[in-house]
Amino acid sequence: RAHSNPFSDHQLEYPKSPYAMDWESFYPGFVNQETGKLNKKVEIADIGCGFGGLLIDLSPAFPETLILGMEIRVQVTNYVEDRIIALRQQHINNKDFFKKYQNINVIRGNAMKFLPNFFQKSQLSKIFFCFPDPHFKNRKHKARIITNSLLSEYAYVLKEGGIIYTITDVLDLHEWMVKHLEEHPLFERLDKNWESQDECVKIMLNSTEEGKKVTRNNGSKFVACYKRLNNP
Amino acid sequence: MKHPFQIIVTDKKGEYLFTSVKNHIQIFKTCTGELVSTWTDDVDVDITLKQQQAEKIKQLELEQQQKEIEETHEGGNKIPKIPVPGAGAPTVYNYIRTLKLSRNEQYLIGTTDSDKAIVVFSLFDGSSGDDQRVPPALKLIKRQPFPKRPCTISTNYNDEFIIVGDKFGDAYSLPIASQEIIPTKDLVPILGHVSMLTDAVIGISTREGGNQKEFIITADRDEHIRVTNFPLSYVIDKWLFDHEEFVSSLCIPWWKPDLLISGGGDEYIRSWDWSKETSNDCLLFRFDIKEYISKDTELVNVVKIIALKKNDFAKLCVLTEKNHSLLILNLEESGKIVFDQLLETDNSIVDITSDLTGDHLILSFDNDNNKLLKFFKINAQTGQFSNTEADANLQDSISQNSICDVDTTKAFYPLYHISQLRKRGEH
């Protein structure tokens, strides 16, 4: 199915706290052989990662950074998992690419409810929201991924100076996201000049499956990026 | 037969008992049992639906007018009906679900079901003179409706604001004394959970350089306890992680502001040093209450936790749903919790309250024999609870003075709803 109700009591698995999360099994290529532990934390999150296009393009762009996709739909999550396993397999014997695709993974989860169960305060440097569910009906607006109250949670998991990336082909949703980010005291918009020079914006415009579909249909893509300001 | 008290609240000195029964609020004087003030919510249960109907009619009329301007075409406009719930649909009740005294005890705040509103009462209106002790009287100063049903009430430290949490997970802050009614569509939440809010308390941290800093601590159905700055509520301080089921009750002992006690749908009561720097260091102690819960309840559903103190005896009272006993625990200085005693009762306990002196621990019961309350005192030497003959008379007279009579226990309003917070899987 294309949509999922973020408010329902899904049979979700999520860690009791960020400290209880077993990240080692997600990024085996980055596990320190001596300690058996990861010596870094996830720093980039793709919320509602869909079929994983963004993750796969971000992986070589940030080879030393751990990247996690979150997706609420089970089948889609399974698909991305298989895709990452396959990519890792293809590169496992190539010495030059030992760590290729070892820095990305996906997890099934409801980010609107349980994001703080996965990430500690100020852990992330980038959060992506690519082509989120527009929830057109007025009474469904609370189900949108960008709301005033959820932005406070994103601000909590983002470090100061961290960035929220948003892209959508729905003008109404774009305006909604901009309005709420503008209203939030902890975020400040990055200008068009910055956007044109940022590597992630380039990747975000062209890598996701949704983005490619929009391109095929000659649709518009609306981008807005915001910097996490310091706490007052 | 008298209807049980759904909610009981006493003031700091234990002089008055504020109660809710169905859609009535009543105030009793605890030393005589006399009923000193009452208020009845007479707003129609269907008010929200009627308002929606009126709006729709207005909208249709407008559309009709426009149509007539465009062309003189006959429109088939019907007056919209008020929807009638089908068989098996949950009943809509009209009762007071929450009662809270402001810290200065000048205001009583309740929530009503009928119009999803909070009702604010000024208790000593026009009698601020201290010469004579005037009994509190319920004078309604504000009835503020909300878009979703409010379910938890709290006031900030200096009683400037009322903090309201609702079933949709949002919390609002409203000036307590202002009589202005804000249209529901203009209300802006100060924070939100993507889950039903179950409790909200205001905490004061003195940790950072002796400055008193206010935080709002909120609990929800998704095991979360969140600590947020107040009034800068867009800055989240931390989450307190450890619960594995819904959290239903938060309690900060009045003598120990850095300590938080929490309970809900799992087998443990937890104590936290909530203002510590990192959330991983906050959990102080888990206390397993399962073995003290009577056999007829499979699952633990904590309704309420209160803290009381007499001399050096620091106690926690833990009320679990549909239980014939109240669990009394000792709260040590370190936050450690130790079993003290089980207060066995003849009937299932609906609500508990206590004052700051430790001289009044009051229990309200679900029964049909007009014995709706029981009073306990802590013995200052032994720390044990006792109920005296004099107390028994007071209990009876308060019960007798309650104005809400029903014919059968079937007419009781639902007294137990905490267990419904437990999640039911979708598949």
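Guide: In this predicted model, chain B and chain A bury about 2,600 Å² between them, with 57% of that area on carbon and sulfur atoms. Of the area that chain B buries against chain A, 28% is supplied by B:Val194, B:Tyr234 and B:Phe241, more than by any other three residues. In terms of contacts, 33 residues of chain B meet 28 residues of chain A.

Five salt bridges are counted between chain B and chain A. The side chains of A:Lys16 and B:Asp242 meet in a salt bridge, at 3.2 Å from N to O.

As to secondary structure, the elements that give two or more residues to the side of chain B that touches chain A are β12 (191-192) and β16 (236-239) of chain B. The largest share comes from β16(B), with four residues. Sorted by class, this side of chain B has 13 charged, eleven polar and nine nonpolar residues.

The largest nonpolar core has 50 residues, of which A:Trp23, A:Phe119 and A:Tyr154 touch the most other members. Helix α4 (residues 148-157) of chain A gives the most to this core, six residues. Beyond its neighbours within four places in sequence, A:Trp23 is in contact with residues including A:Leu38, A:Leu68 and A:Phe118. Apart from this core lies another, of 28 residues, among them A:Phe62 and A:Ile104.

Notes: Residues numbered from 1 in each chain as written. Chains lettered and ligands numbered in written order. Predicted model: local features only at pLDDT ≥ 70, side-chain atom pairs only at ≥ 80, totals over all residues. Heavy atoms only, no water. Contact = heavy atoms within 4.5 Å. Buried area = accessible area lost by both parts, 1.4 Å probe. Salt bridge = Lys/Arg side-chain N within 4 Å of Asp/Glu carboxyl O. Nonpolar A, V, L, I, M, F, W, Y, C, P; charged D, E, K, R; others polar. Core = buried A, V, L, I, M, F, W, Y, C linked by side-chain atoms within 4.5 Å. Buried < 20%, exposed > 50% of the residue type's maximum accessible area, 1.4 Å probe, protein only.
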